[in-house]
Amino acid sequence: MKKIEAVIKPFKLDEVREALSEVGITGLTVTEVKGFGRQKGHTELYRGAEYVVDFLPKVKIEVVVADATVEAVVEAIIKAARTGKIGDGKIFVTSVEQVVRIRTGETNEQAV
């Protein structure tokens, strides 16, 4: 099993959720996060004063999937989240050793 974490632009969340639904993902976790990468934030003007916004708002999506579906899920996220502009985000894929559904005690593939 693999855990896929995707950090994307907030306005792309609905498109990514729909794309994941189309490839069979039935559950995911979404967190509002802040961060920066190559864009290094940006400068804004507020009441005549200029200030630097170091951390930009992003959304982190987390989903655990079977090894066989990793590529389809990654491709769905890329297609839905890409704008072609800097700051589109990143996808991280890591191994998951064990999953347990608390309610039923199911483990691993059955618990996902």
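Predicted model: local features only at pLDDT ≥ 70, side-chain atom pairs only at ≥ 80, totals over all residues.
Residues are numbered from 1 along each chain as its sequence is written, and side-chain values use heavy atoms, with hydrogens and water left out.

The secondary structure of the protein chain consists of two helices and six strands. Helices (H or I, at least four residues) and strands (E, at least two) are DSSP runs, numbered from the N terminus. Along the sequence, these elements follow the pattern β-α-β-β-β-β-α-β. Of the 112 residues in the chain, 29% are buried, where buried means under 20% relative accessible area, exposed means over 50%, and partly exposed lies in between (1.4 Å probe, protein chains only). The chain exposes about 7800 Å², of which carbon and sulfur atoms supply 51%; accessible areas come from the Shrake-Rupley method with a 1.4 Å probe, and for residues only the protein chains shown count as cover. Contact is defined as heavy atoms within 4.5 Å. Among contacts with a separation of 6 or more, 71% join residues 24 or more positions apart.

Helix H1 spans residues 13-22, and its residues Val16, Ala19 and Leu20 are buried. Seen down the axis of H1, the buried residues fall within an arc of 100°, so they line one face of the helix; the arc is that of the directions from the helix axis to the C-beta atoms. An α-helix has 3.6 residues a turn, so residues three or four places apart point the same way. The cover over the buried residues of H1 includes strand S1 (2-8), strand S5 (56-65) and helix H2 (70-81). Just after H1, glycine 24 adopts a positive phi of about 95°.

The largest nonpolar core contains 18 residues, and those with the most contacts inside it are Ile4, Ile8, Val16, Leu20, Val65, Val73 and Ile77. A nonpolar core is a set of buried Ala, Val, Leu, Ile, Met, Phe, Trp, Tyr and Cys residues joined through side-chain atoms within 4.5 Å. The elements S1, H1, S5 and H2 each give two or more residues to this core, and H2 gives the most, with seven residues. In soluble globular proteins, nonpolar side chains tend to be buried together.

Isoleucine 77 lies in helix H2 and is buried, with a relative accessibility of 2%. Apart from neighbours within four places in sequence, isoleucine 77 is in contact with Ile4, Ala6, Val16, Leu20 and Ile91. The C-alpha atoms of isoleucine 77 and arginine 17 are 8.5 Å apart, although 60 residues separate the two along the chain. Isoleucine 8, with residues up to four places away in sequence not counted, touches Leu13, Val16, Lys58, Val59, Ile61, Ala81 and Asp88.

Six salt bridges are counted in the model, a salt bridge being a side-chain nitrogen of Lys or Arg within 4 Å of a carboxyl oxygen of Asp or Glu. One of them joins lysine 3 and glutamate 62, whose closest N and O atoms are 2.9 Å apart. This pair links distant parts of the chain, with lysine 3 in strand S1 and glutamate 62 in strand S5, 59 residues apart. Lysine 3 is partly exposed at 26% relative accessibility, whereas glutamate 62 is buried at 17%. Glutamate 62 also touches Ile4, Glu5, Leu28, Thr29 and Thr31, among residues beyond four places away in sequence.

A further salt bridge joins the side chains of glutamate 5 and lysine 60 (3.4 Å, N to O). Here too distant parts of the chain are linked, since glutamate 5 belongs to strand S1 and lysine 60 to strand S5, 55 residues apart. Glutamate 5 is buried, with a relative accessible area of 17%, while lysine 60 is partly exposed at 23%.

Within helix H1, arginine 17 and aspartate 14 are three residues apart and are thus separated by about one helical turn. Their side chains meet in a salt bridge (3.8 Å, N to O). Arginine 17 is partly exposed, with a relative accessible area of 43%, and aspartate 14 is partly exposed at 47% relative accessibility.
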